[in-house]
Amino acid sequence: MFEAIHEYYTLVIKLEGHWSIEFGDDDKESVECEREAYQDEGHKLRDMKIIGSDYYDNGDVAWKVSRLNGGSK
């Protein structure tokens with residue numbers, strides 16, 4: 001029997017022209033709340049993204065952030 005893939009959500013924020021990982025959780029609502037807190041601190045929504053990935057796969061998240069920063073496709 002196949003095991004269900006568990007989704008993990010990572011909040012990335014663009015600071016000084018580069019995207020970086022700021023927060024992650026397996027509960028999307030928790031990540032959305034964190035994004036709202038950053039908005040309350042003055043960060044623009046266009047400078048924030050929530051990235052979904054298989055349960056905390058560092059390589060997948062790092063690859064996606066690298067692509068946001070113009071890294072190899």
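Let's start with a pair of charged side chains: K64 forms a salt bridge with D60, and their closest N and O atoms are 3.3 Å apart. (A salt bridge here is a side-chain nitrogen of Lys or Arg within 4 Å of a carboxyl oxygen of Asp or Glu.) By that rule, the count comes to one salt bridge. K64 and D60 sit four residues apart in helix α2 (residues 58–68), so about one helical turn separates them. Helices (H or I, at least four residues) and strands (E, at least two) are DSSP runs, numbered from the N terminus.

How exposed is K64? Its relative accessibility is 25%, so K64 counts as partly exposed. Buried means under 20% relative accessible area, exposed means over 50%, and partly exposed is in between (1.4 Å probe, protein chains only).

## What you're looking at

This is a predicted model, where local features need pLDDT of at least 70 and side-chain atom pairs count only at pLDDT 80 or more, while totals for chains, interfaces and linings use all residues. Residues are numbered from 1 along each chain as its sequence is written, and side-chain values use heavy atoms, with hydrogens and water left out.

As for confidence, pLDDT is the predictor's own score for each residue, from 0 to 100. The protein's mean is 87, and 85% of its residues reach 70 or more. Confidence is lowest in α2, at a mean of 84, and highest in α1, at 97. Where pLDDT is low, the predicted coordinates should not be read in detail.

## The sheet and its helix

The protein has two helices and three strands, and along the sequence they follow the pattern β-β-α-β-α. The three strands make an open sheet in the order β2-β1-β3, with antiparallel pairing. (Two strands pair if DSSP finds at least two bridges between them.) β2 (18–25) and β3 stand at the edges with a single partner strand each, so one side of each has no neighbour in the sheet. From one strand to the next, the twist averages 30°.

Seven bridges join β1 (residues 7–15) to β3, and Y9 has G52 as its bridge partner in β3. β1 and β2 form a hairpin with two residues between them, and E16 in the turn has a positive phi of about 50°.

Helix α1 (residues 28–40) lies across β1, β2 and β3, running at about 15° to β1. (Axes are lines fitted to C-alpha atoms, for helices over the stretch in contact, and angles run from 0 to 180 degrees between N-to-C directions.)

Is S53 buried or exposed? S53, in strand β3 (residues 48–54), is buried, with a relative accessible area of 3%. Leaving aside neighbours within four places in sequence, S53 is in contact (heavy atoms within 4.5 Å) with H6, E7, Y8, D60, V61 and K64.

Now look for D26, in the loop between β2 and α1. D26 counts as partly exposed, at 36% relative accessibility. D26 and Y9 are 17 residues apart in sequence, but 5.8 Å apart in space, C-alpha to C-alpha.

## The whole protein

Buried residues make up 19% of the 73 residues. Among contacts between residues at least 6 apart in sequence, 47% join residues at least 24 apart.
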